[in-house]
2 protein chains.
Amino acid sequence: MISSLRLGPGAEFDRLRAIFARLGSEGQGLGDDTALVRLGGTTLAASVDLSLEGVHFHTAWLSFAEIGWRATAAALSDLAAEGAKPVGILVSLGVPGGRGKGEEGRGDPGVEIMGGVAAAAKHVGAKVLGGDLVRAERYLVDVCVLGTAVRPVRRSGARPGDGVWVTGALGGAALALDGFRSGAPPMGALRRRFARPEPRIAAGRWLARHGARAMIDISDGLAADAGQLAAASGLALEIELERIPCWAGVAPRAAAASGEEYELLVALPRGFGDRSARAFTRASGLALTAIGRCAAGRGVRLTAAGRTVPAPGGFDHFAAR
Amino acid sequence: MISSLRLGPGAEFDRLRAIFARLGSEGQGLGDDTALVRLGGTTLAASVDLSLEGVHFHTAWLSFAEIGWRATAAALSDLAAEGAKPVGILVSLGVPGGRGKGEEGRGDPGVEIMGGVAAAAKHVGAKVLGGDLVRAERYLVDVCVLGTAVRPVRRSGARPGDGVWVTGALGGAALALDGFRSGAPPMGALRRRFARPEPRIAAGRWLARHGARAMIDISDGLAADAGQLAAASGLALEIELERIPCWAGVAPRAAAASGEEYELLVALPRGFGDRSARAFTRASGLALTAIGRCAAGRGVRLTAAGRTVPAPGGFDHFAAR
């Protein structure tokens, strides 16, 4: 039985250490967002992800269906990073009393949110298994995802010499967020990128089958999550800024800091090369880009034109407020 | 795969019907608080229970450790009513920023809450598998419990002629609540009853092994939960008010309305009699009392001295605010 607790950088991380110290033998280990439990002849993978109005989403920015989809995709992204196959989800929903009903063009908020939750679950072949509904002061969506993992991939398995790769292109989430904040809401593909992120389930399973040594989803930003993977694996990650695949119009530094990207950062053995990456792209429709390598040492070393540059700040809900 | 959604009486129930209608084929069925999924050679039982400050608990009434214990026990109680064996829990925690720290005699609230969560889990042999920690405006504890069920007991299996039984004694939770509300906080056993309720895991597993046809935990009050069991089983429950086992100082009507009791209401075949009940008590240390029977028809019929009396109101967080 392997325990897990979501670990953001900074203040949240320290807080969780204290909590786990208190748990003692009840909660073992630190690290991955996804817990693994042997059950019958299977390994159950389970993770939970809490989204709060005002912290993780704003009702002025997103439709209720998008809020439900996004919260569910965030939780499913943890299973993707484990190489797990989703089975079902449970969802706790907090809905304010008089709010939302009768707003123009909007149905019952609770129903709309659950519609988005169900659509995200269906998108990856998972069922909505159950839930709890409570009247709350502000909207909240807490999603527990359950899946099975044949070859679970933890954060801790990278070895010096492994290549460091990333799926998709980064920075769209930050660009969309800038748009919302500046009163110019994103449209089209950029809005979808933010409002309906796709958990990389098929990609994660493919990578697990093809030798992934360590994997993490990019929820706190590439630089911050690379730090988590480096710490869990007990080594250093060297990342070349100019190799980071960027969303159109986003600079590499901003792409490396952008949170809630829900792409996968993965350590693959040296033998995994461009030919394997093309096979990945044929199977998943996604780019897979080599951005650096694992080395002895600790922490993340970002380079630009061969020179070390300071790491950008991560994305930390807990410290940000 | 059997789906579930927690169903309170009244407004909450109606709301959930609308939500499930929207889910369509993603969420199948209505009824039990616990979902069942076949996984490997095992049946996984999963349930989620959201506790919010101001709705389900007050920090002025309970210690943070009690808040954590109570939220966890409430979720575990769903597994008890399924006859399931807990394996692990995941918990999402919302903790306000500046509050709680440094209050006299109190440690870090998040750590204290997780201590209570872990103690309740350990009490029934479950592990804390993982969690999520978020800064929130008010405290919240959302607990997802996972277990295995060899002989799952649903709400829907009762048959006319079955006896209706209840574990323990009812009404303590309402009495304690009265005390808190009137400024005379309960002490000793009554406080423990409210602040550290014991999920009836061993009792539920014993009853599942000994022929339980249908089972539900008493979280919304005996009368209301009897109505849920009657509806799910498609029959009527006849309950004799004077047979209800009451907490010292509580009248049967108040005992039948008292919510958050976390005892088990169970339908057992006619052949299950006082001798079997004594065996249950020897095994569990708990009373098991026959309070009525299942009959053709619908709804709950409460009687006093052989005459039908109106049902007391249930306990409905959602309607209460």
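Predicted model: local features only at pLDDT ≥ 70, side-chain atom pairs only at ≥ 80, totals over all residues.
E7(B) and E9(B) run antiparallel and are joined by four bridges. Now select residues 163-167 of chain B, which form strand E6. E6(B) is also antiparallel to E9(B), again through four bridges. One pair to show here is Gly163(B) with Leu268(B), its bridge partner in E9(B).

Stay on E9(B) and colour residues 264-268 by burial. Is this strand mostly covered or mostly open? It is mostly covered, with five of its five residues buried. Turn the view to look at each face in turn. Leu264(B), Val266(B) and Leu268(B) lie on one side, while Leu265(B) and Ala267(B) lie on the other. Both faces are covered.

Next, show the whole sheet. It is an open sheet of seven strands in chain B, with mixed pairing and the order E7-E9-E6-E10-E8-E11-E12. Strand E7 (214-217) and strand E12 (307-309) of chain B are at the edges; each has a single partner strand, so one side of each has no neighbour in the sheet. Averaged over the sheet and ignoring direction, neighbouring strands are turned by 30 degrees against each other.

Further along the sheet, select residues 236-240 (strand E8) and 288-295 (strand E10) of chain B. These two strands run antiparallel, and four bridges join them. Within this pairing, Leu237(B) is opposite Cys294(B) of E10(B).

Now move to two helices of chain B. Select H6 (residues 201-209) and H9 (residues 274-284): their axes come within 10 Å and cross at roughly 145 degrees. The crossing of H6(B) past H9(B) is right-handed. Which residues make the contact? From H6(B), show Ala203(B), Trp206(B) and Leu207(B); from H9(B), show Ser276(B), Ala279(B), Phe280(B) and Ala283(B). By class, this contact has six nonpolar residues, one polar and no charged ones.

Finish with a look at confidence, switching to chain A. Its average pLDDT is 89, and 85% of its residues score at least 70. Select residues 24-29 of chain A, where pLDDT is below 50; this stretch has 14 contacts in the model beyond near neighbours in sequence. Then select residues 316-321 of chain A, where pLDDT stays under 50. For this stretch the model has 17 contacts beyond four places in sequence. The scores for the model are ipTM 0.89 and pTM 0.91.

Key. Residues numbered from 1 in each chain as written. Chains lettered and ligands numbered in written order. Heavy atoms only, no water. Pairing = 2+ DSSP bridges. Axes fitted to C-alpha atoms, helices over the stretch in contact; angles between N-to-C directions. pLDDT = per-residue confidence, 0-100. Contact = heavy atoms within 4.5 Å. Left-handed = near helix turned anticlockwise from the far one by under 90°. Nonpolar A, V, L, I, M, F, W, Y, C, P; charged D, E, K, R; others polar. Buried < 20%, exposed > 50% of the residue type's maximum accessible area, 1.4 Å probe, protein only.
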